[in-house]
Amino acid sequence: MEDYNFAYLDEQTKRMIRRALMKAVAIPGYQVPFASREMPMPYGWGTGGVQVTAACLTPEDQLKVIDQGADDTTNAVSIRKFFQRTAGVAVTEATAEATVIQTRHRIPETPLTEGQILVYQVPIPEPLRFLEPREVETRRMHALEDYGLMHVKLYEDIAKHGEIATSYAYPVKVEGRYVMDPSPIPKFDNPKLGGNAALQLFGAGREQRIYALPPYTQVVSLDFEDHPFVASKADHPCALCGATDSYLDEVIVDDEGGRMFVCSDTDYCTGRQQAWTEDAA
Amino acid sequence: MTPLLQVKSLTKRYGPRIGCADVSFDLYPGEVMGIVGESGSGKSTLLGCLAGHMSPDEGQVIFDTATGPRDTLRMTEPERRMLSRTDWAYVHQNPRDGLRMGVSAGGNVGERLMAVGNRHYGRIRETATDWLGRVEIAADRIDDRPSAFSGGMQQRLQIARNLVTGPRLVFMDEPTGGLDVSVQARLLDLLRGLVREMGLSAIIVTHDLAVVRLLADRLMVMKSGHVIEAGLTDQVLDDPQHGYTQLLVSSVLQV
Amino acid sequence: MITVENLCKSFTLHNQGGTVIPVMEGAALHVAPGECLGLVGASGAGKSTLMRMIYGNYLAGSGRIIVGDLDVARAQPREIIALRRRTLGYVSQFLRVVPRVPTLDVVAEPLLALGVDGGAARERAAGLLSRLNIPERLWALSPTTFSGGEQQRVNIARGFAHDYPALLLDEPTASLDAANRETVLRLIEEAKGRGAAILGIFHDEGARGRVCDRLVDVTGFTPARVA
């Protein structure tokens, strides 16, 4: 693999991305534009996350890649292999061992620690986008903290469904200043965004935006006094490991409507099952 | 009494052309002022400059804020935006420009409340319902989108959305334009009642002399960017001094 | 209460070759509280013009128009608005209202503008409309569709809704039947009784003789026209 520069991107591009990352860390929640490159995968497959990961990786890193919490889905496997080939870094499925974790739509269940970096793949970074289509106007709204519209969206939810029905990509306010889209993670994961020991970086390739939450940043999910934010999940234990505190996927098991709920975080689930087996033995 | 708004030598140019030139006036609390003139006379430019939508080249627009009179043209953009959602309101001629067409009537009315920090859904909805009633929109339409409303209803919704935070100054750009006459009459009556009850001051731009006669206490007549005549509305209309105003008044079709 | 001194006025018709038409010269009069002064003079002599100038509806050329303690000839628009709201009432020959507003509200409006509670204002309006024989079934309708006589009575009711200290009446009894004419004359007498200064134009000589304490002939203020 000597044909490639370390971690695929050339050093100038990495430098450009790192500058954007520095700015993003300095202004938590603020969307920094960057010159997103063509990557050897289609938009929507995590081109933003891959570029951020590439710019962060060092040869000593241990990389973990998850898609909806799982290490073994196509997207996760492809990206992990991509970095194995182009950076030669060690890979792992264990959350605790990883130094860099690229994720699509989840935050791992195992609490992250200082020194770890969590890289999110972001499809649409602008939380105001579906309410205000004009980019010029949304940027002005961020600049002027003109966020009444964000609550209009939640108001509409309650008016229509009797409760805030937004269940993923639930908007948050960062350090009392910028309203941010946390990428399409379930709102169950929202409480983990704030006060997290790890550095959280967000990359949107097609939209060419990078933003960040430095460790221990204050992150508040938007809500109403009489309709407070609730980090909800399916009301079941995991069918495999019995966990009651983890986010669950619903799996259809037959064509008679049979279904089961299992942890979406495969590493967490496997770890619990192993511990259980070891205890039994 | 301190004027609510003091406008001094306001001038706006579009390159070599004049938008409006050397406009000065005072507006006192509770006063309604009309600005009339034909298309291109500069009345909309003037309104845009007053409301902070355009930046004039010269002059001052001094508003009596909660902390005393301040030149709004020298305010920072966030300060001006705050003012425009607390103390000011702007009613567009076309309700589509002033409403969020994809958001329910209740959401439209509630937006300003949420923008100034209201975070109690129940109270926001209660206030929105109350305001829909005040502009004669049935409470059961609260979750309908404005696209399902008639033109007159849309305009009344826009007024509710603007007045919900109890502004002190309302800018109106041809508020009854594009509505048929019977709907216009109802809207005029509504506006008069609200102006009286809330002690609002208003600046109304229109080319309809009948509208200003019924709504405005005072009148400014503009031509080619200049104010050529100003005074009590009925005095300007019944005893116009300037040749252009005389022409304007005598050109109105009698019904 | 109302004092006019050396008042002059001319109209300039800019769109008709700048023709200047002088219409009044050296007009002077005084109306004391509790007094009714009648303006007389041939049609076109300037009775209505003088009255409109006192109301601020026509701009004075020169001279002074003192109503209460305000010089209308020099006052700011907002001062005239305040004067009209509290002090100076005017019953014109024409009713001008927002279409579709109920008659009761039209009559109550001067009181509402003064901040009188809606219920009390409408009660007062209802009392006046009854006295002026406007049938109650019409109160909820807009007066725009009423007959000339009915409109005139609504206009009078509106003019008498608030107890103005000064009143201008332009032909208040014209086009009224005997019973309504009697009511209007009583209203005027009552206003005088509470101390209002009234300036009126009455073509109806009987009415004039009954309510007017003095007469002023405006022909004396008509400028000699240059033929």
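Some conventions come before the details. Residues are numbered from 1 along each chain as its sequence is written, and chains are lettered from A and ligands numbered from 1 in the order in which they are written. Because this is a predicted model, local features need pLDDT of at least 70 and side-chain atom pairs count only at pLDDT 80 or more, whereas totals for chains, interfaces and linings use all residues; side-chain values use heavy atoms, with hydrogens and water left out.

Let me begin with the chains. Contact here means heavy atoms within 4.5 Å. Chains A and C do not touch, and 35 Å separates their nearest C-alpha atoms.

Helices (H or I, at least four residues) and strands (E, at least two) are DSSP runs, numbered from the N terminus. A residue is called buried under 20% relative accessible area, exposed over 50%, and partly exposed in between, with a 1.4 Å probe and protein chains only. After α1(B) comes B:Gly52, with a positive phi near 80°.

How many disulfides does the structure hold over all chains? There are 0, a disulfide being a pair of cysteine sulfur atoms within 2.5 Å. For B:Cys49, the closest cysteine sulfur is that of B:Cys20, and at 4.8 Å it is too far for a bond.

Helix α4 of chain B, residues 105-115, has 11 of its 11 residues buried, so it too is largely enclosed by the rest of the structure. Against which elements do these buried residues pack? In chain A the partner is α5 (148-161), and in chain B the partners are α2 (77-86), β6 (88-91), α5 (121-134) and α6. B:Gly117 follows α4(B), and its phi is positive, near 105°.

Next come two pairs of packed helices. Two packed helices are described by the angle between their axes and the distance between the axes. The axes are lines fitted to C-alpha atoms, for helices over the stretch in contact, and the angles run from 0 to 180 degrees between N-to-C directions. Angles under 35 degrees count as roughly parallel, over 145 as roughly antiparallel, 65 to 115 as roughly perpendicular and the rest as oblique.

In chain B, helix α6 (residues 151-163) packs with helix α7 (residues 181-198) at about 15°, and the axes lie 10 Å apart. The two are therefore roughly parallel. On the α6(B) side the contact involves B:Gly152, B:Gln155, B:Arg156, B:Ile159 and B:Leu163, while the residues of α7(B) include B:Leu187, B:Leu190 and B:Leu194. By class, this contact of α6(B) with α7(B) has 8 nonpolar residues (Ala, Val, Leu, Ile, Met, Phe, Trp, Tyr, Cys and Pro), 2 polar and 2 charged (Asp, Glu, Lys and Arg), the others, Gly among them, counting as polar.

In chain C, helix α3 (residues 103-113) and helix α4 (residues 118-131) pack at about 120°, with axes 8 Å apart. α3(C) and α4(C) are therefore oblique to each other. Among the residues that meet are C:Val107, C:Ala108 and C:Leu111 of α3(C), and C:Ala121, C:Ala125 and C:Leu129 of α4(C). The contact of α3(C) with α4(C) comprises 9 nonpolar, 2 polar and 3 charged residues.

Where is C:His162 placed? C:His162 sits in the loop between α5 (148-161) and β7 (166-170) of chain C, and with a relative accessible area of 17% it is buried. Not counting residues up to four places away in sequence, C:His162 touches C:Arg85, C:Arg86, C:Leu111 and C:Leu114.

A:Ala7, in the segment before α1 (11-26) of chain A, has a positive phi near 60° in a residue other than glycine. A:Ala7 is buried, at 0% relative accessible area. C:Asn133 likewise has a positive phi near 60°; C:Asn133 lies in the loop between α4 and α5 of chain C and, at 41% relative accessibility, counts as partly exposed.
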